[in-house]
Amino acid sequence: MLRFIANRFLQGIIVLIALYTITFFLIKAMPGDPFTGEKNIAEETKELMREKYGLNDSVFTQYFLYLKNVFTEGSLGISTSKAHSVNEMIGQSFPVSCVLGITALLIAIAVGVPLGVASAVRQNSWIDYSSMAWAMIGICVPAFTVGPILQIFLAMKLPLFNVAGWSSPRDVVLPAITLGLVTTAYIARLTRSGMLEILSQDYIRTAHAKGLPISRVVMKHALRGGLLPAVAYIGPAFAALISGSFIVETIFQVPGMGQHFVNATKARDPFLLQGVVLFFGLLIVIMNLAADILTGLLNPRVRLTQE
Amino acid sequence: MNNSTNSDAQREVGNSLWRDAFLRMRKNRLALVSFWLVVLMLAFCFVVAWFCPNPDKIDLDNKFSGPSASHLLGTDQLGRDIFSRTLFGGQISLLVGFVATTVAIGIGIVVGAASGYAGGRTDAIIMRSVDTLFAIPFLVVVIVLQVVIAEWTKNASGWIVENWDWDKKLTSRIANIIPLFIALGLFGWLTLARIVRAQVLSLKEQEFVEAAKALGYTRMRILFRHIIPNTLGPTVVYATLTVPGFIMYEATLSYLGLGVEAPNSSWGILIRDGANFLETEPQLLIIPGLFFSLTLLALNFLGDGLRDALDPKASKD
């Protein structure tokens, strides 16, 4: 098990370095620098700014300098458009994205797993068909359609929630539902197919033959194996919920990390963009590692074949 | 399995993979309906659209009008025909979905087949790189890549207009969507490479490959004429399921203002614009949203149906 974890850890570090290298050169390939668009700043000032941010050094010096700063000081640089430390900006917005992501994930698990289990146990019944149809609709209707519709019906017509903003705990509900919709659908589908596979195994037939009630067969015998595909998906899905929520954050004006990413892309803010991308990458690597370990614990075969 | 690429030869055999699949597919009503829905959508967006009113014609005296003979589904906030805007927007959305998928499929087949066929160290290096790229946040890198390529194509289109005397509007319209093809295609091939590699690994041990070797065919010929055609089943399934994914990515990018730009328009843009008038004029969001979601639904069901038809073992669940 330890070797398995060490292996995965090393792979995670390689992923992060690859991600840094790809995005670094992509950002360098973006035409112009953060100051070319500013017409109100004198040319000499721009030159001073470039000097200050180290944008005049050779590309390779910049590449290694940033890497060195990340490793020695944990510093992700300073945003050229907001003139704040990137660490601080992420520190302020990450908790917001985190709360939103966790709520969305909890909703997705709470709805998706029971739907999937019920569909598998009653395969080809109306429960199966209707919940799988709902799951497919959840995958095919984009957040930017669901979000505004929720705003109209649950915030304007029925004033249950605020239309947008992030001031009271209730404000998390609508964005979390919107964000969690696709994840709910995938979890339901994965749980269903995982459970179907397990329910056709011999040991389940044995459990039935012993006269156990269905609820006990499902809960005690099938669930552990049947949830494996969903568990493997939840780790990456959580990272995706946090890093991929820019649409939902835009619709509901949530001050999370997604807005920094979008703004940084539009403003050509190299350090903010790099910092946010690296942070997303780190999050995904950690979540994948956690999912691998969890899968290894639930299913010893995985860990034996991959060691 | 028959390894000939000649369709006449396959028909003589009678029970080829594709014929079998076709027979199974015919029984799957949901997949059939989806297939015709996709065909209908393509016909509407690429044929019927040209017989509709100009989607960019502004008529301020006639805004938010209801359905009428001249405007089938009414007009938007600038008096433009909603039906024709939805169809022309669909052109871009579908084009991005299909072309980007083609790019991804091309890369995926070549990389996967090369990796599986070469084996050994080449295989190990390629598959390690694929694993690494897999863990990279897809949407984030695509957005950055898209911005970079968009800048290049913008410059290139300016150069083409100046030197080759192309139509300026048309060139900039084309230049606006090419980055989406490349950015999505360049990162969307990873799963397919894995699928094709696994297929090639098992195919290259089979007798017909040995027979081809005994006949003295070159490795390239064996790979392209005998092995790759046999991987097409899973490839077609994967492609059908990738198109809706890419259409969704395109809509997401355009929604954020990082993809398709005016005068081009796509379903993502129409939905974004429609959301502003949702309270009073809900049809502005609902009509393009319905076209968008129906297309995605049909493509997903079609992909599921094809998978069941081509791989009967997997169809049990």
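A salt bridge is counted here when a side-chain nitrogen of Lys or Arg lies within 4 Å of a carboxyl oxygen of Asp or Glu. Side chains of opposite charge can pair when their charged atoms come close. In chain B, Arg272(B) forms such a salt bridge with Asp273(B), and the closest N and O atoms of the pair are 3.6 Å apart. The structure is a predicted model, in which local features need pLDDT of at least 70 and side-chain atom pairs count only at pLDDT 80 or more, while totals for chains, interfaces and linings use all residues. Residues are numbered from 1 along each chain as its sequence is written, chains are lettered from A and ligands numbered from 1 in the order in which they are written, and side-chain values use heavy atoms, with hydrogens and water left out.

Chain B as a whole comes next. Chain B has 13 helices and zero strands, where helices (H or I, at least four residues) and strands (E, at least two) are DSSP runs numbered from the N terminus. The C-alpha atoms of chain B fill a box of roughly 75 × 50 × 40 Å, taken along the principal axes. Of the 317 residues in chain B, 50% are buried; buried means under 20% relative accessible area, exposed means over 50%, and partly exposed lies in between, with a 1.4 Å probe and protein chains only. A contact means heavy atoms within 4.5 Å, and among the contacts in chain B with a separation of 6 or more, 74% come from residues 24 or more positions apart.

The surface and the charges of chain B can also be described. Its accessible surface comes to about 15,400 Å², and 62% of this belongs to carbon and sulfur atoms; such areas come from the Shrake-Rupley method with a 1.4 Å probe, and for residues only the protein chains shown count as cover. Chain B carries 27 positive and 26 negative charges, whose mean positions are 8 Å apart. In this count Lys and Arg are positive and Asp and Glu negative, whereas His and the chain ends are not counted, and the place of a charge is taken as NZ of Lys, CZ of Arg, CG of Asp or CD of Glu.

The contact takes 39 residues from chain B and 43 residues from chain A. Together the two chains bury about 3,500 Å², with 81% of it on carbon and sulfur atoms, buried area being the accessible area (1.4 Å probe) that two parts lose on being put together, summed over both. Val144(B), Tyr255(B) and Leu256(B) supply 16% of the area that chain B buries against chain A, more than any other three residues.

Between chain B and chain A the count is two salt bridges, whereas over all chains the count comes to nine. The side chains of Arg268(A) and Glu151(B) meet in a salt bridge, at 2.9 Å from N to O. Arg189(A) also forms a salt bridge with Asp304(B), and here the closest N and O atoms are 3.6 Å apart. Because Arg189(A) lies in helix H7 (residues 173-199) of chain A and Asp304(B) in helix H13 (residues 283-310) of chain B, the pair joins two chains. Arg189(A) is partly exposed, with a relative accessible area of 25%, while Asp304(B), at 15% relative accessibility, counts as buried. Arg189(A), Asp304(B) and Arg307(B) are linked in a network of salt bridges.

Another pair lies within chain B, where Arg194(B) forms a salt bridge with Asp131(B), the closest N and O atoms being 2.5 Å apart. This pair links distant parts of the chain, since Arg194(B) is in helix H8 (residues 190-203) and Asp131(B) in helix H5 (residues 120-134), 63 residues apart. Arg194(B) counts as partly exposed at 35% relative accessibility, but Asp131(B) is buried, with a relative accessible area of 18%.

The last stop is Ser254(B), which has its place in helix H11 (residues 232-255) of chain B. Ser254(B) counts as buried because its relative accessibility is 0%. Not counting residues up to four places away in sequence, Ser254(B) touches Gly259(B), Val260(B), Ser266(B), Ile269(B) and Arg272(B). This leads back to the opening pair, in which Arg272(B) is partly exposed with a relative accessible area of 28%, and Asp273(B) is partly exposed with a relative accessible area of 23%.
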